[in-house]
Amino acid sequence: MTVLENFLNGDKRALSKIISYIENREDGYRELLGKLYAKSGNAIRIGVTGPPGAGKSTLVNALLHKFLKENKKVGVIAVDPSSPFTGGALLGDRVRMHEFPLDGNIFFRSMATRGASGGLTAATNNILVAMDAFGFDVTIVETVGVGQVELDIIDACDTVVVTLVPESGDAVQAMKAGLMEIADVFAVNKADRPNSDRIVTDLRMALEFKAHDEHTWMIPVVPTVAIEQKNIDELYDKIFEHIAFIKANGNFEIHRRLQIEKKIIAILKSRFEKEYLEKLAEKVDFHDISEKVFLGKTNPYIVASELFADFKKQ
Ligand SMILES: Nc1nc2c(ncn2[C@@H]2O[C@H](COP(=O)(O)OP(=O)(O)O)[C@@H](O)[C@H]2O)c(=O)[nH]1
Ligand SMILES: [Mg+2]
């Protein structure tokens with residue numbers, strides 16, 4: 001039996017192998033992804049983001065216990081570009097393996113970024129496709145919400161949970177950080193800490209003041225204590241209320257179509273970059289050209305225009 005056949009028979013070891021194959025962009029990975037893509041599209045995608053230490057991993061684990069109770073199969077991928085070596089994600093994995101056995105309904109993977117930040121969004125999305133094709137009901141991406149890459153990853157999710165803590169500041173800061181635009185649900189974790197009520201009330205008020213009508217999804221603010229599994233049911237309910245809401249108003253489909261568009265463009269971009277720029281680099285002496293620019297004989301815009309004109313002629 002081939003790895004793909006084992007994969008299709010629900011063998012998690014085959015899933016792990018296929019994920020590594022995709023992650024390492026081994027020969028033929030695009031064709032493989034094409035096959036998997038045809039089988040994907042059924043899993044609900046949940047994003048969990050927030051600052052480091054907010055309790056995202058703990059919260060995801062708490063949610064997983066709820067998913068298990070609901071008899072749902074879940075694939076989780078933790079992306080943490082801030083710890084490229086043996087950082088939090090890997091340690092978290094070990095803890096999780098303890099908590100959720102390999103033969104159960106939960107599957108984990110952490111993205112070792114290996115400095116490939118440019119391809120991180122694509123790699124993460126591709127792994128989600130593999131998990132989706134494998135037959136998980138839900139996929140969860142956990143990411144530290146900072147840069148553009150993380151935003152792109154989270155943007156591809158159907159529902160985004162932004163995790164904050166009482167120390168995160170106030171609603172004004174959340175607004176400045178653009179979190180109101182990203183969040184579909186706010187989890188104020190570590191609600192066991194003093195003053196957690198303040199940020200909850202503050203966020204709720206700020207959200208109430210934002211322009212809205214009866215067609216607007218009102219972002220719920222759910223206080224949680226992930227380490228004690230407190231209020232996880234409510235968080236779970238809000239996630240699925242949001243899914244139901246966007247399915248009813250059509251935004252679920254609109255968003256997914258938009259993601260397909262973005263995916264095609266991203267594939268094209270990466271192919272242009274790989275196939276055109278790499279070929280160009282073989283022919284063109286960039287060192288020589290930059291020297292000319294440096295000496296004021298030409299400028300980068302003229303150089304790029306000339307190279308582009310050459311490319312169009314071919
Ligand atoms: N007091 C308290 N600590 C928590 C809670 N949830 C998580 N933590 C702790 O916060 C730390 C960071 O949690 P982790 O899940 O790794 O955060 P992440 O970096 O956002 O994934 C850990 O020491 C957790 O045990 C909570 O609800 N209350
Ligand atoms: Mg974490």
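Visitor: What makes Ser 57 and Glu 142 count as coordinating the magnesium ion (ligand 2)?

Guide: In this predicted model, Ser 57 (OG) and Glu 142 (OE) sit at 2.1 to 2.3 Å from the ion. Donors are N, O and S atoms within 2.8 Å of the metal (3.2 Å for Na, K and Ca), so both qualify; water is not among the atoms, so the site may look incomplete. Ser 57 belongs to helix α4 and Glu 142 to strand β4 (residues 138-144), so the pair ties together parts 85 residues apart in sequence.

Visitor: Why is Glu 142 called buried?

Guide: Buried means under 20% relative accessible area, exposed over 50%, partly exposed in between (1.4 Å probe, protein chains only). Glu 142 has 9%, so buried it is.

Visitor: And why is Ser 57 called partly exposed?

Guide: Its relative accessible area is 31%, so Ser 57 falls in the in-between class.

Visitor: How do you know that Thr 58 makes a polar contact with ligand 1?

Guide: A polar contact is a pair of N or O atoms within 3.5 Å; within protein, one must be able to donate a hydrogen and the other to accept it, and residues adjacent in sequence count only if both atoms are side-chain atoms. A side-chain N or O atom of Thr 58 is 2.5 Å from an oxygen atom of ligand 1, so the pair passes. Glu 142 passes too, at 3.4 Å.

Visitor: What are the ground rules here?

Guide: Residues are numbered from 1 along each chain as written, with chains lettered from A and ligands numbered from 1 in written order. Local features need pLDDT of at least 70 and side-chain atom pairs 80 or more, while totals for chains, interfaces and linings use all residues; side-chain values use heavy atoms, without hydrogens and water.

Terms used
Helix = DSSP H or I, 4+ residues; strand = E, 2+ residues; numbered from the N terminus.
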